[in-house]
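Hi,

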Amino acid sequence: MVMTGLGATMARAGRRLLSSLPALFGVLVFTFLLMRVLPGDPAVFFASGPNAGKEEIEQIRKQMGLNKSVPEQLVFYLSDIGHGNLGRSMMTGQPVLKDLRERLPASLELTFTALLIALIAAVPLGVVAALRPGSVVDHGVRLFCALGVCVPTFVSGLLLIYVFYYLLGLAPDPTGRIDVFTSLPPQRTGFLSVDFLLAGDFDGWWAACKQLVLPAASMALFVIAPLARITRASMLVSLGSDFVRTARSVGLSWRKVVVTYALRNAILPVITIAGIVFSTMLGANVLVEKVFSWPGVASYALDALLSSDYAPVQGFVLLMASLFVLVNLVVDICYGIADPRVSIE
Amino acid sequence: MSEELLRIDDLHVAFSTRRGMVEAVRGVTLTVKAGEMLGLVGESGSGKSVTGFATTRLLDAAGRVTGGKILFRGQDVTKLRGDDLRQLQGAAMSMIFQNPRAALNPIRAIGLQIADAILTHKRISKDAARAEALDLLRAVQIRDPEARMDAYPHELSGGMCQRVMIAIAISCNPALLIADEPTTGLDVTTQKVVMDLLADIAAARGMATILITHDLGLAARYCRRIAVMERGRIVEEASPGTLFSVPQHGYTRRLVAASPTATSRIEDLVTEEERERYAAVLGKPRPALAHGTPPLLEVRKLAKRFDQGSAAVTDFSMTMAGGESVGLVGESGSGKSTTSRMICRLIDPSEGDIVFDGQSIGHVASRDFHRSPLRKDIQMVFQDPNESLNPRFTAFDCIAHPLMRLDRMRTGEALRQRVEECAERVGLPLDLLPRFPHQLSGGQKARVGIARAIACRPRLLVLDEPTAALDVSVQAVVLQLLDRLRRENDIALLFVSHDLNVVRMLCDRTIVLRNGGIVEQGESRALFDNPKTDYTRKLVEAIPHIETGPTLAAAL
């Protein structure tokens, strides 16, 4: 039974992956065209200075292939992508693929930690609120969630820095993933906290974690609200359902009723929302990355966009779209494992 | 066996709602002896389920016992808390619920769910609990119990889910079992099997049972004592025989009259004053059809296959004359709803043809049929009056909508008159027209549904279980209304139902379906009195008849 269920889930995931390929292609073409439509001429931008001559700009334009027609450029671009070449960034002078590979782990580590903090906070908050709807606790949770959503992440980030770094001195200075004096561990996963552990360097691990907590917390604050609200809503439905009444009718313990019967059912929609929240956070954390000088992909893409550097922006959008597909896939698989009803569809 | 197990003394239960406290139970007093099966009968809102939930302490947060006592073995249940309460629930008394599929945890294997109940009250290992759960599945006669242990509720039929629910309820050998509408929503044949099983188990284990039901016939078949509830009070308590032969209370009399039996006629179902309008129509002779009139509806070799491959309906043929009423009966999954929807042109048949009034309509795609001039001639009344009305439409809008869409009427005086005329015909008071569905009662909603269907003066009305969600007294009025409309306006009725007693009364002819094919058809009374096939006989025998009840109960 279990094997067939898992197999069906995998087959479903595979189909989902295939059906998302056209969407990915669409994203590719769309961003390409969008970049061409946006004002700003990269050739002018990357010329030696404001008084660069016309010939020099023409020269650069030719060098970059911008003198060709847009469809021609698109064909070149697509064939490059097909060969795994995302182009070269004018800003850093490095291949975009290399830049992204260096910066993606930083963003992922931050987002994962933020999501983890958000889930650990939101699920119990939602459950507590649902157990006593209309009570002081319920209203307290609602207020907290409202505040989290109202305050933009860069404001909450700055507030956290002010309190924990400036006033209390508990947090290290908010300048990137690790302070300059700590030696980096050998890179294996790219996640500093994991790499330090693998290298057995616990001081380094502690330092990396301390750097991570504040930015992750300020991102988490923003997404606790949707997660807690959906937990509360689905927990309310679950607690009012017939099978919870059945569980109570045979005298199951409070813990068993709430956790095994109600919460396990209520967590299903939370999985879906968590997937959406994760994808959104990955792209939207540019403000947090800027505030904490975090060397992530989002701030990289923003810098590239401001300087009309086409290749990194296009690479970034492609990366985000692929991650989005991947996250949805993971959500699908998790859902299939958590809910035996899904596999029969 | 005369030991008093449960004594409910002047019980009052109130619910706090937006409009203040509402008393659902007002002074119920009853006793249950050990090993006895008591029937608690009443219509929706009578407080019978609330009494059950108060006894097992499962009332919603909004509900509260405001007075009286519930003594279980001399101990007041309403005052128990914490561990004492949990000792009681499941171990001493347990409950079976109406909707078995919803009553089981959808994402937990049924074996685990039974084991959960066992482990709560017995200090045994998980393996031992699993073994006991397996025994229980055998006790409730589930086929292939080893394999079913790991099944999830959605993989089982409704009847199977109810057996699992029974297994959970009896897992710790309670002394009292409260069954709240345990078979509502199940097929008649499944209903009989499940109820027989429940009665056998209760008898074998010496469990007292309270059977809460709206079905007098069911209660009569299985209980020796029946208490009738109305508006939170017990109005009468007697043995089934006495209850049916000499009902004392006015409400019991109405209820007994409204319950369809093998011999009842539509005109008998309601009391004198409600009958007047119907009687006026009944007197008029129906004009004989001119010789050689073509049939109104002719269905030829209809078949429907869904994507999964197996056929839902095969080789279905029938004819209907104008003003005729035909019943379509069968268990769930027999294809009766699919057939009726094809005839209504809501879904497309895979094969075969439908000829309505000489025109072939089987090949008009269901998507486009709304543009056909015949759309207004074929209308449908749906099963659930709550779900089939748009919650944002007033009763007036609901009835006016088909007139505007199909008869191209514009908002104005003429439309208002037509809508009021329809409401008048179905007996819906005109002052209810501006109300929204949630402000109407079940019977009123059913009337709106019927008024909407007859608004465009159809010649064929397809009714898919139109009274399944209604109380018997409301059902009686609706059935009479349908029959009156048929006689007044010569509307043909295709009546889809699993309630054979209703079909017997309302329909001239009956078609019995099984697994998508016709098993038997013929004139209704002859078919039910003298079924030719085993399947029909089984269906007929499964209906709990009030007449046969006492003899069976006495035999137990």
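This is a predicted model: local features need pLDDT of at least 70, side-chain atom pairs count only at pLDDT 80 or more; totals for chains, interfaces and linings use all residues.

**Helix packing in chain A**

Let me start with α9(A), which spans residues 202-239 and packs against α7(A), residues 153-167, at an angle of about 140°. Their axes are 9 Å apart. An angle over 145 degrees would count as roughly antiparallel, and α7(A) and α9(A) are therefore oblique to each other. Their crossing is right-handed. On the α7(A) side, the contact is made by Thr153(A), Ser156(A), Gly157(A), Leu160(A), Ile161(A) and Phe164(A). The residues from α9(A) include Leu214(A), Pro215(A), Met219(A) and Phe222(A). By class, this contact of α7(A) with α9(A) has nine nonpolar and four polar residues, with no charged ones.

α9(A) also packs on α11(A): the two axes come within 8 Å and cross at roughly 155°. That makes α9(A) roughly antiparallel to α11(A). Here too the crossing is right-handed. Among the residues that α9(A) brings to this contact are Met219(A), Val223(A), Leu227(A) and Ile230(A), while α11(A) contributes, among others, Ala262(A), Ala266(A), Val270(A) and Ile273(A). The contact of α9(A) with α11(A) divides into 16 nonpolar, four polar and no charged residues.

**The sheet in chain B**

In chain B you will find an open, antiparallel sheet of four strands, in the order β12-β11-β14-β15. Its edge strands are β12(B), residues 311-320, and β15(B), residues 359-360, each of which pairs on one side only. β15(B) pairs with β14(B), residues 351-356, through two bridges in the antiparallel sense; in one of the pairings, Val355(B) has Ser360(B) as its bridge partner. Helix α13(B), residues 336-343, packs on this sheet and touches β11(B), β12(B) and β14(B). The direction of α13(B) makes about 125° with that of β11(B).

**Where the chains meet**

The contact between the chains takes 19 residues from chain A and 24 residues from chain B. On the chain A side, α10(A) (242-249) and α11(A) (254-284) are the elements that give two or more residues. α10(A) gives the most, with six residues. By class, the chain A side divides into six nonpolar, six polar and seven charged residues.

Happy to talk any of this through.

Best wishes

Key:
Residues are numbered from 1 along each chain as its sequence is written. Chains are lettered from A and ligands numbered from 1 in the order in which they are written. Two residues are in contact if their C-beta atoms, placed from the backbone, lie within 7 Å. Ala, Val, Leu, Ile, Met, Phe, Trp, Tyr, Cys and Pro count as nonpolar, Asp, Glu, Lys and Arg as charged, and the others, Gly among them, as polar. Two strands pair if DSSP finds at least two bridges between them. Axes are lines fitted to C-alpha atoms, for helices over the stretch in contact, and angles run from 0 to 180 degrees between N-to-C directions. Angles under 35 degrees count as roughly parallel, over 145 as roughly antiparallel, 65 to 115 as roughly perpendicular and the rest as oblique. A crossing is left-handed if the near helix is turned anticlockwise from the far one by less than a right angle, and right-handed if clockwise.
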